[in-house]
Amino acid sequence: MKVHILGAGWAVPRGNRSKTAILIQDNQEDNKILFDCGGDVAKGVSRFDVGYDKIDAVFISHKHLDHLSGLSSLLHSTWLMGREKEIPIYSNKPTKKTISKLISLHDLNEKLDINLNSLSGDGIVNEWGVEYKKMDHQVETHGFRYKDITFSGDTKPCDNLIDLAQNSSLLLQEATYPSGFREEAWKYGHCTVRDAKDVFEKTQSNNLGIIHTSPKVDIDEEGKKVDEDVFFPSDFTTYKL
Ligand SMILES: [Zn+2]
Ligand SMILES: [Zn+2]
């Protein structure tokens, strides 16, 4: 199984970290699942051996722009490449409403067979084996788990995140703020780097990839204080599990 980091950054991109997007390529099950779609995901996908028509399902954590700004563009590219297969998109209701508007705005539903599905509360999408739980953010947000890979979406630390991520091989966890900025981070429904490490320890996961870092996070400095199972991925890195 491969985890391609298409976007490891926050709403304001910097250097080699653009808005959030994670692609899981499970060759064993023949599943290619995209979690969030911020930034130029269409370009990111083209760097890997995953064609536009090969993405099987898209899960969007919440409606903030840094998590879905690349969706219209990805769908448009997919159409231009001749996709005929249905594209299922899963999100909570407020996010679905936003996605629906974007799709109508660009007439994408006339070009593609898009199937919008809503998620509520906690549960599992059996068709893809994706578990989801409600996180604690400014707007309704879901974290996702596929097999032993967990993606937090945007959230402050919460019990649901700790439950969802128990014993993950790889936890991709947001940390928008530097360690020491907990009050500000929690006010806006985010984690600090310290919080991400605390969640990692509580879940007894094997590896922690800290993503969604704002430019306030000095990655070189924070990186000095971490163990070898904790890292700050940059865009276009691939983890094999
Ligand atoms: Zn957000
Ligand atoms: Zn965000």
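**Labels and their grounds**

Mentor: In this predicted model, helix 2 has Leu71, Leu74, Leu75 and Thr78 as its buried residues.

Trainee: Why are the buried residues of helix 2 said to line one face of the helix?
Mentor: Viewed down the axis of helix 2, the buried residues lie within an arc of 95 degrees, so they line one face. As background, an α-helix has 3.6 residues a turn, so residues three or four places apart point the same way.

Trainee: What covers the buried residues of helix 2?
Mentor: The cover includes helix 1 (41-46), helix 3 (93-105) and helix 4 (108-111).

Trainee: What makes Gly82 exposed?
Mentor: A residue is called exposed if 12 or fewer other C-beta atoms lie within 10 Å of its own, and because Gly82 has 8 within that distance, Gly82 is exposed. Gly82 sits in the loop between helix 2 (71-80) and strand 5 (87-92), and its phi is positive, near 90 degrees.

Trainee: How do you know that strand 9 and strand 10 pair?
Mentor: Pairing requires at least two bridges, and 3 bridges join strand 9 (residues 142-146) to strand 10 (residues 149-151), with the two running antiparallel. Within strand 10, Ile149 is the bridge partner of Tyr146.

Trainee: Which order do the strands of the open sheet follow, and why are strand 7 and strand 13 called its edges?
Mentor: The open sheet of 7 strands has the order 7-8-9-10-11-12-13, with mixed pairing. Strand 7 (123-125) and strand 13 (230-231) each have a single partner strand, so one side of each is left without a neighbour in the sheet.

Notes
Residues numbered from 1 in each chain as written. Chains lettered and ligands numbered in written order. Predicted model: local features only at pLDDT ≥ 70, side-chain atom pairs only at ≥ 80, totals over all residues. Helix = DSSP H or I, 4+ residues; strand = E, 2+ residues; numbered from the N terminus. Buried ≥ 20, exposed ≤ 12 C-beta atoms within 10 Å, placed from the backbone. Arc of directions from axis to C-beta. Contact = placed C-beta atoms within 7 Å.
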